[in-house]
Amino acid sequence: MRKLVLAFMLLTSPALAQVTAHSTNPLEGKADAIEAGRALFGKMNCAGCHAYDLTGGMGPDLTDGSWQYGAKPGEVYHTIAEGTPRGMPAWKDKMTVDEIWQVVAYIQSKKQ
Ligand code: HEC
């Protein structure tokens, strides 16, 4: 019984559930999450490569609606967590699941 309850908790907890390309962002549109994401964008130095307003620099513009690795929230999550072979670092060991969703919420809030 205990094991069942634990398995149920793991499956229903948004923080621990597996994120797939089809996952929606549980924090999308939430003002406090967007603000936390904005802060993380500076703190983790995403801004150093993508600029504070996300319009890009050494890394690509994240507001122009063009996505190399997919535009869906789950895909953007995956790109940030895993990184890419051409210069985008992986963040899954440096940020929690919630923090990555906060940053995705910030990016979503800037979409044109
Ligand atoms: C060292 C520079 C650098 C840092 C720091 C960095 N990025 Fe990137 N990022 C890149 C580059 C370069 C690419 C393009 C990679 C490619 O073409 O494979 C990229 C790609 C991306 C993409 C995919 C864009 C697309 O078109 O699919 C997202 C989303 C992204 N970065 C978000 C972030 C976030 C969020 C952070 C901070 C947690 C961050 N990046 C930190 C350089 C960086």
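## Ligand shell

The ligand is surrounded by 23 residues, the closest being Cys46, Cys49, Gly59, Arg86 and Gly87; a residue is near a molecule if its C-beta atom, placed from the backbone, lies within 6 Å of it. The largest share, four residues, comes from α3. Helices are DSSP runs of H or I with at least four residues, numbered from the N terminus.

Sorted by class, the shell holds 14 nonpolar, eight polar and one charged residues. Ala, Val, Leu, Ile, Met, Phe, Trp, Tyr, Cys and Pro count as nonpolar, Asp, Glu, Lys and Arg as charged, and the others, Gly among them, as polar.

## Basis of the model

This is a predicted model: local features need pLDDT of at least 70, side-chain atom pairs count only at pLDDT 80 or more, and totals for chains, interfaces and linings use all residues. Residues are numbered from 1 along each chain as its sequence is written.

## Helix α2

The buried residues of α2 are Ala33, Ile34, Ala36, Gly37, Arg38 and Phe41 (buried: 20 or more other C-beta atoms within 10 Å of its own; exposed: 12 or fewer; partly exposed: in between; C-beta atoms placed from the backbone). They pack against α3 and α5 (97–109). After α2 comes Asn45, with a positive phi near 65°.

## Glu82

Glu82 lies in helix α4. Glu82 is partly exposed because 13 other C-beta atoms lie within 10 Å. The C-alpha atoms of Glu82 and Asp93, 11 residues apart along the chain, are 9.4 Å apart.

Methods
Helix = DSSP H or I, 4+ residues; strand = E, 2+ residues; numbered from the N terminus. Contact = placed C-beta atoms within 7 Å.
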